[in-house]
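Hi everyone, thanks for coming.

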Amino acid sequence: MQHSSTSHCGTSATSRRDWLKKSAVIGSAVLSGQPLLADPAPVSAPVTRRIPISVSTYSYWHFQEKKYPIESVIEDAARIGFDGVEILHRQMTDESIGYQNKLKRLAFDNGLSLPLLSIHQSFVDPDPAKRRKDIEHTERCINIATQMGIPCVRMNTGSWRTVKRDAEYYKTGVEPPLAGYTDEDAIKWCIEGMQECLKIAEKAGVVLAIENHWGLSSNIDHLLKIYKPLASSPAMGMNVDTGNFVGEPYSQLERIAPYATIVQAKTYYGGGHYYDKDLDYTRIAQILQKANFNGYVSLEMEGKEDPKTAVPKSLAVLRKAFTFNNA
């Protein structure tokens with residue numbers, strides 16, 4: 001039987017040719033007195049980090065009487081090029097399993113994640129029964145998040161509700177406590193309420209991200225006093241809202257950026273419904289990058305302009321700012 005040796009011969013011939021070429025180069029270098037250079041080490045190309053960007057359903061509905069369909073937001077988000085959709089709980093038309101599954105399937109079919117369920121509650125109340133009611137509400141929402149595959153739930157501290165929510169309030173954030181109580185009382189209630197909610201969230205595998213959402217949490221010192229004693233829980237997180245800082249935002253953002261689990265990014269095209277802020281998203285992105293933030297940025301377009309034009313413009317701004325080049 002004959003064995004073909006064509007491939008071995010071809011390989012051998014190629015190897016001899018390569019050896020002769022290298023020998024010739026080495027010989028020339030030796031004769032000319034030039035130093036031999038090792039093959040250069042491969043240079044790694046910079047890695048471009050594209051932060052995922054979602055859009056809140058709130059961007060299309062600012063608590064008007066008629067709710068904007070979440071289904072339409074999901075379809076629009078896929079068409080525009082978002083990575084996910086944040087669902088505002090109050091915008092859901094019902095809490096049935098069928099409705100939840102419908103939204104989850106629609107997001108999946110459109111290649112979108114559902115990173116955040118944004119809910120409301122308040123622990124700033126001297127009545128334990130009212131605080132317990134909001135703990136139960138939070139538990140119900142954790143169950144919704146679990147059913148829908150949403151990994152994170154936005155949490156509020158709540159507020160005293162002793163002043164009118166007007167333009168002056170959003171400038172100063174000043175809200176005096178109820179007579180006979182102090183902010184320290186409210187901080188204690190928030191910690192206790194969050195501890196109860198965290199027990200439920202830990203079992204469900206859901207993160208509870210407390211937000212700087214006016215009220216007690218508009219004071220960053222108060223927010224951190226609540227967050228830090230709870231930070232040891234694997235279910236504890238922080239939702240940083242770029243538009244909810246009282247006064248100059250950037251130094252305050254630097255304080256809480258290291259704790260950010262998710263970021264809500266406000267825009268105000270057409271003028272804000274409640275207030276306006278001129279936010280520098282290049283600067284904001286740099287602060288978050290320095291803090292090693294790699295999570296979702298969720299757009300909340302809070303302006304009066306038609307979302308059909310304002311949301312795509314907002315996405316373009318955020319995409320440009322939150323594309324990091326990690327050299």
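**A walk around the barrel**

Okay, let's begin with a pair of strands: β8, residues 262-267, and β9, residues 297-301, pair in the parallel sense, over 5 bridges. Here strands are DSSP E runs of at least two residues, helices are H or I runs of at least four, and both are numbered from the N terminus. Two strands count as paired if DSSP finds at least two bridges between them. In this pair, Q264 stands opposite S298 of β9.

Before I go on, a word on the source: this is a predicted model, where local features need pLDDT of at least 70, side-chain atom pairs count only at pLDDT 80 or more, and totals for chains, interfaces and linings use all residues. Residues are numbered from 1 along each chain as its sequence is written, and side-chain values use heavy atoms, with hydrogens and water left out.

Now step back a bit. How many strands close into the barrel, and in what order? There are 8, going β2-β3-β4-β5-β6-β7-β8-β9, and the pairing is parallel.

Let's move to β7. It runs parallel to β8, joined by 3 bridges, and D241 stands opposite Q264 of β8. On the β6 side, residues 207-211, the pairing with β7 is parallel too, over 4 bridges, and I210 has M238 as its bridge partner in β7. To get from β6 to β7 the chain passes through helix α7, residues 220-227, and this β-α-β crossover is right-handed. Right-handed means that, with the strands pointing away from the viewer, the path from the first strand over the helix to the second runs clockwise.

So is β7 enclosed or open? Of its 6 residues, 236-241, 6 are buried, so this strand is largely enclosed by the rest of the structure. Buried means under 20% relative accessible area, exposed is over 50%, and partly exposed is in between, using a 1.4 Å probe and protein chains only. In a regular strand, side chains alternate between the two faces of the sheet. In β7, M236, M238 and V240 point one way, G237, N239 and D241 the other, and all of them are buried.

Next, a residue in a loop. S59 sits between β2 (53-56) and α2 (70-80), and it counts as buried because its relative accessibility is 0%. Leaving out residues up to four places away in sequence, S59 touches L299, E300, M301, P307 and V311, where contact means heavy atoms within 4.5 Å. One detail there: a polar atom of the S59 side chain lies 2.9 Å from the backbone nitrogen of M301.

Another loop residue is Q121, between β4 (117-118) and α4 (128-148). It is buried as well, with a relative accessible area of 6%. Its side chain makes a polar contact with the side chain of T138, at 3.1 Å. A polar contact is a pair of N or O atoms within 3.5 Å; within protein, one must be able to donate a hydrogen and the other to accept it, and residues adjacent in sequence count only if both atoms are side-chain atoms. A polar atom of the Q121 side chain also lies 2.7 Å from the backbone nitrogen of N156.

Last stop, helix α9, residues 281-290, where Y281, I284, A285, I287 and L288 are buried. Why do they sit on the same side of α9? Because they cover an arc of only 160 degrees around the axis, taken from the directions from the helix axis to the C-beta atoms. At the N-terminal end, D280 caps α9, with a side-chain oxygen 3.2 Å from the backbone nitrogen of T282.
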